[in-house]
Amino acid sequence: MRRKELRIALVCYGGISLAIYMHGVTKEVWHLARASTARRVHTDQHAALPLHGVEQVYAALLDIIARQGGLNLSILPDIVAGASAGGLNSVFLAQAIQSGQSLEPLTRLWLELADIDHLLTKEEGTWRTTAKQWLAPLIGRALGGEEPPLASDEAEVRSRLAHLVRARWFKPPFSGIGLSGMIAEALDQMAASPAGLRLLPDAHPLDLFTTATDYTGYVQRIALHSPAWVEEREHRVSIDFRAASAEGPWASLPELVFAARATASFPGAFPPLQVDEIDRLLAKREQNWTGRDAFLARILPAYAAKGELHKVALMDGSVLVNAPFGPAIAALSARPANVEVDRRLVYIDPTQSRPLHAEPAEAGPPDFFPVIFRALSTIPREQPIRDNLETLARQSAALRRAQHIATGIQDEVTKAVRLVLGQAILGARPAASQLGAWRTAAQQAAAEQAGYAYHAYALYRLEATLDQIAASTGAPRATLGRWARANLRLTPSEGRGLSSELIAFLRQHDVAYRQRHMRYLIARLDQAREAQPDIPEAAHDRASAAAWQALSLTLDVAPHGALCKTEVDWERHPAAALRDLASARQLDRLDGQVEALLADLLPMLPDALAEAVMLAYLGFAYHDAATMAWLQQNDLAETSPVHIDRISPMDWQESAQETGLARRLKGEMMHQFGAFFSRAYREHDYLIGRLHGAARLLDIVWSSCPVPIPAEERAGLRRALFNAILDEEQAQLTRIPELMVALRQELGITG
């Protein structure tokens, strides 16, 4: 059966108490990934990952896609990035994906503990209660706020609001170490829950990014022409984690608490995070922080280098980066793959009442307090994501153009290969060694036929390879350039193309060439699938699987070069260091592995498909000489465009169907603090988040299926999923029984 991975890079916005809505959404991502993992692992492991009602519906969805679409689809949420409330949820989701632990304890954190009474500090304020009660509504109106609806939950909300008003003023009312303790408790409860399987394949990387804002900032130098450099102060902080496999813990509890607490330090509500807060928390819990110094040096290198970690004060991540698309997009490239990939960037925007066409209520300039509040908080958080998404859209458009260019020159490439190697070769089923010899002959012929243009192409390859070596090993780029000019004889050798020294260097070090080669083979096989529909799908699937496996081999080549462990000095002995790198990577061995894989594949393919494989493999040298510089300029790393999907309450505001999902979020009230004032509000937003997440994930998964699923069957699955969510939450969400009943009626489901 044809295999595909639907890979999700998830970006979670900030949103204060709308974090509870986002938890509902991320919980559905977790359920979907669990259902996919249960189908992917071997049968005898299913007992270690039992599926419950909601997950059984997701598994049924994937079974239908397999049965009707002929597609074995796996769901891999392998990149998670978040800011503020979204960063908090990102930490927990990533921990559940990596460890196989349950997200259920986090639900308790949000429903029971994310309450004003738990968040407030225990210290008494210095202002008289009556004075603060009198001033509270004035401040609320000055900031453009609204009086909270006090209907059925009037007593609870009034009580919480009174507690907030009595809290100390001109100091953060919420407890920083209290929030750190709540995060640690939830992580403890996750660890204590029955552990399942990692929700990604063992060798597949998981990336987590959260943002924070450095209150003081640190000085950075920027090189100019004149003056030689200038200084600026940097306030952005990225706290990132990567797990390359399922082996061992990927981050300690203190590190995860640090990341979650730092990103969620909303200015004015929580005090900035300082390192000693985590130290005090661990002392109270009688725990050690193994790897403390190494972690802090990695996250805060400027402070660690000066011995000033005690001066760090980290504020909310969404002050400067409310939508952290940058790290997620940067992590998309060079990820291992041995099957077809459908890459999605999915972002959760919990804001529901963003005024896109707002007009001033009255003529004249805005008032004093609204101007300050908008300048310091609201406007920075509302900056559009257009720049990030347009960058991604340009990359995807460039990739589509590259595919058109490759198609346009294919006839000429085919003629050249047939002329040089002979028509009979294309129908052969060679051994691996023979295939390697023909590849070398095709590369030599391409160099001779392209003339002086090929020399420019080779120099471009050289510069790109030197860049890659410097980036992956830390070698000084200038040193590498000087060594290359002194040792590789970069001028053509008597009209016969490249010098033997340059050819040998590229064969030993140009990993990117091998990766482009395999991506080209994959693209040509996708075209063959469309052009040769009479060939059985099983044959196409076999060829594609081999090509993806070959690409995976090229991506696994020591990205940070085992060379980092050597004592060779790059500056003094670059030649010896390069020899060590070549020995560690063994690219000649990699070529042999790829050719052995293809030699085993070819006898199993029909003649027409085998010829397509041979043409793509042997003709790549011609194709790359014509397109490499253009492709490198556009920094294309994926073999297919990245699609962008949104999950937001705004998606249902104009919907004529499923009107039950168009409800206003309670967390929107009081400048997005509303859900902290009532458990009923939290239950409402959490449930709506689960339903929104489920509905949009269904749409995303269906869009990845090559064969449309009948509308009636899709509607049935949708109702079954909504029903399973409501059944699952019936006993836990005790404060919103009327909403449960109304949703069942509006969504057309029964209890």
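**Strands, helices and backbone**

Guide: Strand β1 (residues 2-12) runs parallel to β6, joined by 9 bridges. Strands pair if DSSP finds at least two bridges between them. Helices (H or I, at least four residues) and strands (E, at least two) are DSSP runs, numbered from the N terminus. This is a predicted model, where local features need pLDDT of at least 70, side-chain atom pairs count only at pLDDT 80 or more, and totals for chains, interfaces and linings use all residues. Residues are numbered from 1 along each chain as its sequence is written, and side-chain values use heavy atoms, with hydrogens and water left out.

Visitor: Which residue in β6 does Leu6 stand opposite?

Guide: Asp342.

Visitor: And how many bridges pair β6 with β7?

Guide: 5, in the parallel sense, with β7 covering residues 643-647. Ile348 stands opposite Ile647 there.

Visitor: How many β6 residues are buried?

Guide: 9 of 9, over residues 340-348. Buried means under 20% relative accessible area, exposed over 50%, partly exposed in between (1.4 Å probe, protein chains only).

Visitor: Which side chains point which way from β6?

Guide: Glu340, Asp342, Arg344, Val346 and Ile348 go one way. Val341, Arg343, Leu345 and Tyr347 go the other, and all are buried. In a regular strand the side chains alternate between the two faces of the sheet.

Visitor: Switching to helices. At what angle do α21 and α24 cross?

Guide: Roughly 50 degrees, with the axes of α21 (residues 500-509) and α24 (residues 574-585) coming within 9 Å. Axes are lines fitted to C-alpha atoms, for helices over the stretch in contact, and angles run from 0 to 180 degrees between N-to-C directions. The two are therefore oblique to each other. Under 35 degrees counts as roughly parallel, over 145 as roughly antiparallel, 65 to 115 as roughly perpendicular and the rest as oblique.

Visitor: Which residues meet there?

Guide: Phe505, Gln508 and His509 in α21 meet Leu578, Leu581, Ala582 and Arg585 in α24. Contact means heavy atoms within 4.5 Å.

Visitor: Backbone now. Where is the cis peptide bond?

Guide: Between Ser226 and Pro227, with omega about -5 degrees. Pro227 lies in the loop between β3 (206-223) and β4 (229-243).

Visitor: What about Ile16 and its phi?

Guide: Positive, about 50 degrees, although Ile16 is not a glycine. Ile16 sits in the loop between β1 and α1 (19-40). Its relative accessibility is 12%, so Ile16 counts as buried.

Visitor: Is Glu286 buried or exposed?

Guide: Exposed, at 74% relative accessibility. Glu286 also has a positive phi, about 55 degrees.
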